Amino acid sequence: MTTRLIALLGAECTGKSTLAEALAAHFGAGLVTEYLREWCEAQGRTPERHEQAHIAAEQAARIAAAARRHALVFCDTTPLITALCSQHYFDDDSLLAGAVAFQRRCDLTLLCAPDLPWEPDGIQRDGPVVRARFDARLRAALNAQALSWIDIGGEAATRLHAAREAVARLIGPAAATARPSTD
């Protein structure tokens, strides 16, 4: 089975999780949620520098496991975000090469714009100023690595429509309406 990976990237509080869930439900596809959120909730804190590699590896492992079970997988973030967070918070570039290699395996990257109202959401939230800076870092990294993406912005309905259209162009109209089993 050939699996298609759809990555949803963006800074904090840009609607990635909500959009990933809606797309997975619409297409009857696999969904890999953000491991970092789970990790922070379990630990009651944000990760330290030495914990970043584990978080990136676990996100990649969960995506790989979902790819073995589904023909289409929506990834609520990838190791690229962890690598860029490592740069941002710890001035650490050690995860970038592996994260870029992983990102190249994604068939489509949907980049969620930071145009939604910012809302505090637990331990991980830094605020709208940091969100804007991280968005700029993410876009610069994607450009520097010649990684393509589709910008997804606007209100929730607009985002969902644009994302559905992008996925349908990738997988074809017949597959877009088939809704495969998610076992």
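Here are some questions and answers about the predicted model shown above.

The model is predicted, so local features need pLDDT of at least 70 and side-chain atom pairs count only at pLDDT 80 or more, while totals for chains, interfaces and linings use all residues. Residues are numbered from 1 along each chain as its sequence is written, and side-chain values use heavy atoms, with hydrogens and water left out.

Q: Which residues touch the most other members of the largest nonpolar core?
A: A nonpolar core here is a set of buried Ala, Val, Leu, Ile, Met, Phe, Trp, Tyr and Cys residues joined through side-chain atoms within 4.5 Å. Buried means under 20% relative accessible area, exposed over 50%, and partly exposed in between, with a 1.4 Å probe and protein chains only. The largest core has 18 residues, and the members touching the most others are Phe-74 and Leu-110.

Q: Which element gives the largest share of this core?
A: Helices (H or I, at least four residues) and strands (E, at least two) are DSSP runs, numbered from the N terminus. At least two core residues come from each of strand 1 (4-9), helix 1 (16-27), strand 3 (72-76), strand 4 and helix 7 (156-171). The largest share, five residues, belongs to helix 1.

Q: How many residues are in the second, separate core?
A: Among its members are Ala-11, Cys-85, Val-100 and Leu-147. The size of this second core is 17 residues.

Q: At what angle do helix 1 and helix 7 cross?
A: Axes are lines fitted to C-alpha atoms, for helices over the stretch in contact, and angles run from 0 to 180 degrees between N-to-C directions. Residues of helix 1, including Leu-23 and Phe-27, meet residues of helix 7, including Val-167 and Ile-171. The two axes come within 10 Å and cross at roughly 50°.

Q: How are helix 2 and helix 3 oriented to each other?
A: Helix 2 (residues 35-43) and helix 3 (residues 52-69) pack with axes 9 Å apart, at an angle of about 130°. Angles under 35 degrees count as roughly parallel, over 145 as roughly antiparallel, 65 to 115 as roughly perpendicular and the rest as oblique. Helix 2 and helix 3 are therefore oblique.

Q: How many disulfides does a search of the whole structure find?
A: A disulfide is taken as a pair of cysteine sulfur atoms within 2.5 Å. The sulfur of Cys-75 has its closest cysteine sulfur in Cys-106, and the 5.5 Å between them is too far for a bond. For Cys-13, the nearest cysteine sulfur is that of Cys-112, 11 Å away. The whole-structure count of disulfides is zero.

Q: Is Pro-117 buried or exposed?
A: Pro-117 lies in the loop between strand 4 (108-112) and helix 6 (128-144). Contact means heavy atoms within 4.5 Å, and beyond its neighbours within four places in sequence, Pro-117 is in contact with Cys-13 and Arg-131. Its relative accessible area is 57%, so Pro-117 is exposed.

Q: Which residues does Ser-17 contact, leaving aside its neighbours within four places in sequence?
A: Ser-17 sits in helix 1. With a relative accessible area of 19%, Ser-17 is buried. Leaving those sequence neighbours aside, Ser-17 is in contact with Arg-37 and Asp-76.
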